[in-house]
Amino acid sequence: MPLVRFTRHLKRYFPSLAEGEVGGSTVAEVIAALEQRHPGIADFLVDERGALRKHVNVFIGSEMIVDRTTLSDRVAADAELFIMQALSGG
Amino acid sequence: MAKTGSRLLLGTRKGLITLEHEDRRWRVTGHHHPGLSISYAFQDPRAGTLWACSETGHWGTKLFRSTDNGATWDQPPGPKYPEGAVVYDTWNAGPDGTPTKPATLKYLWVMTPGHASRPQTLFLGTEPGGLFRSEDGGENWELVPTLWNHPSREKSWFGGGRDEPGIHSIAVDPHDPDRMLVGISCAGVFETTNDGESWSGRNQGLRADFLPDPAAEYGHDPHFMAMCGADPNVLWQQNHCGIFRTADGGRQWKDVSQPEGPARFGFPIAADEQDPNVAWVVPAVSDEKRMAIEGGLCVCRTDDAGDRWTTFRAGLPQENCFDIVFRHGLDVAGDRLAFGSTTGNVYASSDRGENWECLGTGFPPVYSVRFARE
């Protein structure tokens, strides 16, 4: 399963958040699985249409995802996925 | 709980700051949600619940609620635009000419308790132009479809102050639970008299100098609108194009600005709760500059329904001053007033705005100032 790492900024709202393996083969599926584990976290990452929030970045390895609207980028089982805040929002 | 008018809630760029008046002086008593931008904060007088509307910067808008006077906060889910809701973005139509895009919550402009007889009802005004209603004390929110689907929205609602239209003023008639008015920038004022089943534009007499037809039915920019609680047919608005008052529930507005100012341009307006002839504004240099007038701050009050305005400066800086007071940055409770500015200066008056004391000059930019109310 992909390994998901987070910006520490999210720990303010989800103190138990820690990097770990999360199921899913697309970014959307990974976020859905995260929501199961940390109820409410999806609302911090995507808007009500499921699009990535403007000032959130997701990387697969070192590559920023391409599809910010439906989060269809594939995530390999051995990939590392990084959920970061964009500096533009700070 | 503190007596009405003795506790202030500041929504600031760096959190919710509370001040209390005790032993004849104001002092800071709390700082909640440090670092978060609080667009609006208020206390629901019906149950004492504190609410803070937040823009987190990265993680979207969030709503915080406290039922123990700020000791602890929870985070109800907040409003969501329903699937299929779109905003009309005529200026940025896609290559296929479609001027719509999905509506998503951008900003929580204002929150207002419903009528006293409906203690679980709350309203939220948002960008991009949705009015939301809760019937369970803020746990769940529904878009009010009748206003969202008003035929004027497609062509005559657009951004004002922010990119997309925003509902920043909500006035619930204390004498009639089925009547309320909202102010939208830019669109204008809308009234319902049947608990939201239908809405009518109430913009007659306003002027929109930035439109080809300044007397257009819609497209107006009421920066803020306030109702006189004792006489809810009297409403005031500090509009982009002047100060306006209505005495017939919005059917006809009258320009009550001073032609040469200072009471003319600005953002906030406060209506006396009892006397329908009294209101206050914090004027600014007009549209093009948006600064304090000639480097000094003043507050203007009318006691005669806007025929004349008196300017008060005692206790306010009169040189090297650049403060602007945003639309929710002024409030009144009885004889007390308070305002906060974009430059982090906060002032209060105990004599209906005639003399002012500075409560601090190092606050973050202030977005909202509200007295806690019982």
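**Fold and sheet arrangement of chain B**

In chain B, 49% of the contacts between residues at least 6 apart in sequence join residues at least 24 apart. The model described here is predicted. Buried residues account for 49% of the 374 residues of chain B. The secondary structure of chain B consists of two helices and 29 strands. With a radius of gyration of 19 Å, close to the 21 Å given by the globule rule for 374 residues, chain B is therefore as compact as a globular protein of that length. The C-alpha trace of chain B extends over about 60 × 50 × 40 Å along its principal axes.

One open sheet of chain B is built from four strands in the order E3-E2-E1-E29, with antiparallel pairing. Strand E3 (25–32) and strand E29 (366–371) of chain B lie at the edges; each has a single partner strand, so one side of each is left without a neighbour in the sheet. On average, neighbouring strands of this sheet are turned by 20° against each other, direction ignored. Strands of a sheet pair through backbone hydrogen bonds, in either a parallel or an antiparallel manner. Within chain B, strand E1 (residues 7–12) and strand E2 (residues 15–22) run antiparallel and are joined by six bridges. Thr12(B) has Gly15(B) in E2(B) as its bridge partner.

Chain B also touches chain A: nine residues of chain B are in contact with 13 residues of chain A. The side of chain B that touches chain A comprises four nonpolar, four polar and one charged residues.

Conventions
Residues numbered from 1 in each chain as written. Chains lettered and ligands numbered in written order. Predicted model: local features only at pLDDT ≥ 70, side-chain atom pairs only at ≥ 80, totals over all residues. Rg over C-alpha atoms; globule rule 2.2 N^0.38 Å. Buried ≥ 20, exposed ≤ 12 C-beta atoms within 10 Å, placed from the backbone. Contact = placed C-beta atoms within 7 Å. Nonpolar A, V, L, I, M, F, W, Y, C, P; charged D, E, K, R; others polar. Pairing = 2+ DSSP bridges. Axes fitted to C-alpha atoms, helices over the stretch in contact; angles between N-to-C directions.
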